[in-house]
Amino acid sequence: MLITSNPLNILLWLRDPTPRRMLITIGRSSAPLSHTLLDNSGPSQAVTRLRAALVAHGALPERDERLAALERWLTPFLEAQVSDLAERRAVHRFFTWHCLRRLRRRGQRSPAGRVTLNQALAVKREITVACHLIRCLRADGSSLADCDQGDVDQWLAAGSTYRYEARTFVLWAVRRGHAGAITIPSRPQQNLRSDFIDADDRWVLARRLLHDTTLDTVDRVAGLLLLLHAQSLSRISRLTLDRVTQRVADRAVQLHLGRKPLELPAPLDQLVLDLVDRRHGSAVVGRTHDLTWLLPGGAPGQPISARQLMRRLQKLGIRARHARNTTLMDLAAQLPGSVLGDLLGLRTTTATRWTQLAGNTRPAYAAEVVRRKT
């Protein structure tokens with residue numbers, strides 16, 4: 001594994017006491033090398049990079065690291081947040097039987113078959129708000145099992161709309177008999193106007209990425225896929241090489257985001273081909289040349305993270321969520337929901353909702369024509 005690494009980088013890496021201590025622990029351990037052994041070394045960047053190198057070179061099996069990190073995070077968090085053992089077990093069961101099952105289903109549907117950063121953060125929010133509800137009920141002399149709807153309404157009124165994140169936990173607790181006849185309504189819809197950028201600003205940013213050759217190719221491709229094709233940063237970061245194809249007849253470059261290939265405009269098509277030809281990771285330890293990602297990251301065998309992409313685009317003045325919403329609204333106003341979903345990899349319900357928000361009445365008109373003929 002170390003043979004493929006730059007010797008100078010290895011020496012600089014070993015100057016840090018953390019990787020030295022970690023390698024000594026592994027060498028002295030009589031147990032076989034495993035993920036558990038590395039987990040016991042404690043959370044650190046050195047452990048993360050070494051684990052990625054071992055996985056990339058076949059010394060350790062692959063696993064979903066975000067899922068594993070959530071499972072490690074839960075127990076100490078619950079012990080610190082919830083004092084009552086029965087309530088702590090209820091939250092733990094909610095995490096195991098609801099959150100984890102939902103994460104695994106969603107992970108199977110993601111392009112890489114793994115849990116995304118936003119999905120993991122959403123679970124942490126649900127657990128955190130559920131624990132906050134339990135603590136507040138205890139502070140008011142009640143509990144999850146004994147509280148009534150008035151207690152829950154008072155808790156909701158005393159905080160922000162963030163507390164509505166506890167809705168799923170409360171509904172689950174009622175169904176499982178951990179709570180009485182209580183409920184939390186759906187979270188109030190926020191004003192969508194705050195989640196967009198000006199349409200002219202979007203095209204100014206896109207033109208800069210298209211024509212400014214001084215910018216890094218990674219930033220240009222990621223920003224253009226966001227501004228032109230409404231791709232989330234988590235999807236962009238995990239694009240693989242097999243998603244890029246080139247037609248033999250006219251050499252047109254196609255990107256497979258959904259069920260149908262999307263033909264890339266110039267010069268984005270050439271920028272993507274440049275990434276395919278010149279891509280390289282920035283791993284210090286255990287660098288591998290078997291790269292399957294369009295945008296390799298700092299850990300061997302791993303793509304660039306969505307968070308890193310977000311930081312890079314923010315330096316260019318691009319706010320990812322707002323820019324993506326603006327792009328989706330523009331495309332949804334022009335295309336039927338079914339076409340939008342097929343090209344961009346959106347769910348049918350999501351694509352339909354965006355066409356409705358954009359005021360695209362063509363699908364409804366077509367359905368009305370069919371009904372008239374019938």
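Predicted model: local features only at pLDDT ≥ 70, side-chain atom pairs only at ≥ 80, totals over all residues.
Me: What makes up the protein, in helices and strands?
Reply: There are 18 helices and three strands. Buried residues make up 41% of the 374 residues.

Me: Why is A68 called buried?
Reply: Buried means under 20% relative accessible area. A68 has a relative accessible area of 9%, so A68 is buried. A68 lies in helix α5, residues 65-81.

Me: How far apart are A68 and D39, in sequence and in space?
Reply: They are 29 residues apart in sequence. In space they are 9.5 Å apart, C-alpha to C-alpha.

Me: How do you know that the span of helix α4 agrees with what a helix should have?
Reply: The expected span is 1.5 Å times one less than the number of residues. Helix α4 has twelve residues, 45-56, so the helix should span 16 Å. Its end C-alpha atoms are 16 Å apart, which agrees.

Me: Which residues of α4 are buried?
Reply: They are A46, V47, L50, R51, A52, A53, L54 and V55. Just after α4, G58 takes a positive phi of about 80 degrees.

Me: What makes the contact between α2 and α4?
Reply: From α2 come T18, P19, M22, L23 and I26. From α4 come A46, V47 and L50. Those three residues of α4 are also among its buried residues.

Me: Which residues touch the most other members of the largest nonpolar core?
Reply: That core has 38 residues. L224, I236, L268, L295, L309 and I318 touch the most other members. Among the elements that give two or more residues are α10, α11, β2 and α15. The largest share, eight residues, comes from α11.

Me: What does L295 touch, beyond four places away in sequence?
Reply: L295 touches V218, I236, S237, L239, L275, P303, I304 and L309. A second, separate core of 37 residues includes L74, F94, C147 and V152.

Me: What share of contacts join residues at least 24 apart?
Reply: The share is 63%, among contacts between residues at least 6 apart in sequence.

How values were computed. Residues numbered from 1 in each chain as written. Heavy atoms only, no water. Helix = DSSP H or I, 4+ residues; strand = E, 2+ residues; numbered from the N terminus. Buried < 20%, exposed > 50% of the residue type's maximum accessible area, 1.4 Å probe, protein only. Core = buried A, V, L, I, M, F, W, Y, C linked by side-chain atoms within 4.5 Å. Contact = heavy atoms within 4.5 Å.
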